[in-house]
Amino acid sequence: MKIAIAGGHGTIARHLTRDLTDEGHEVISLVRNADHFGDIEAVGGQPVLADLEQQRGDELAAAIGAVDAVVFAAGAGPGSGAERKDTVDHLGAVKMLEAADASGAAQFVIISSMGADPTHEGDEVFDVYLRAKGRADDAVRSSGLPFTIVRPTQLTDDEPAGTVTLAESATGGAISRADVAAVIARIVTTAGAGGRTLELTAGDDPVDDAVAAVL
């Protein structure tokens, strides 16, 4: 498969790129800083310079070309302000949906967040983040594209456990970014996957079994 990843320099995205390319898939990785090209190439991806905030959906489509699937792994990051939660986490996803449709993608997978809700109340930056993620998820559902929304809980940089809980409602603890990437890799390469909103936590189910049980 040929898979485009938006937000390609993030930790989950780089784990995902390595997982996919190790399996023989082609990964187009969108990054907005050319200094990150080497990091993408080191995990097997093909870096493409693109800015989700500055470019239109059709421009992003031209950047990725024809693809089989798109993974939205972008985020403004923990040090960003409220405005960028909307321009990256929400509107960036909307633009990538446009790009995915124009590029012929048969699947769109978005890494959201547990608690994402467009009506979430509060004025703190994290409150804005949860609203932005919720709005992005709503846009994904209404896009007409086959989709899977994955909402992980708190993330760690621990070594992968290889086991998770993946369900419409999951109650496990924090999960490693490497395990999240492994789940996304299985979802995006599963024929016919789509139409589900799933929570993801630490758990006891092997990744392959966890994905097979819900898709």
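Guide: A salt bridge here is a side-chain nitrogen of Lys or Arg within 4 Å of a carboxyl oxygen of Asp or Glu. The model is predicted, with local features needing pLDDT of at least 70 and side-chain atom pairs pLDDT 80 or more, while totals for chains, interfaces and linings use all residues. Residues are numbered from 1 along each chain as its sequence is written, and side-chain values use heavy atoms, leaving out hydrogens and water.

Visitor: How many salt bridges does the structure hold?

Guide: One of them pairs Asp58 with Arg56, whose closest N and O atoms are 2.9 Å apart. Counted over the structure, the salt bridges number ten.

Visitor: Are Asp137 and Arg151 buried or exposed?

Guide: Asp137 and Arg151 form a salt bridge with their closest N and O atoms 2.8 Å apart. This pair links distant parts of the chain, 14 residues apart, with Asp137 in helix H5 (residues 125–141) and Arg151 in strand E6 (residues 147–152), helices (H or I, at least four residues) and strands (E, at least two) being DSSP runs numbered from the N terminus. With buried meaning under 20% relative accessible area, exposed over 50% and partly exposed in between (1.4 Å probe, protein chains only), both residues are buried.

Visitor: Which residues do salt bridges that share partners join into one network?

Guide: Arg186 forms a salt bridge with Asp208, their closest N and O atoms being 3.6 Å apart. Arg186 lies in helix H6 and Asp208 in helix H7, so this pair ties together parts that are 22 residues apart in sequence. Through shared partners, the network consists of Glu23, Arg186 and Asp208.
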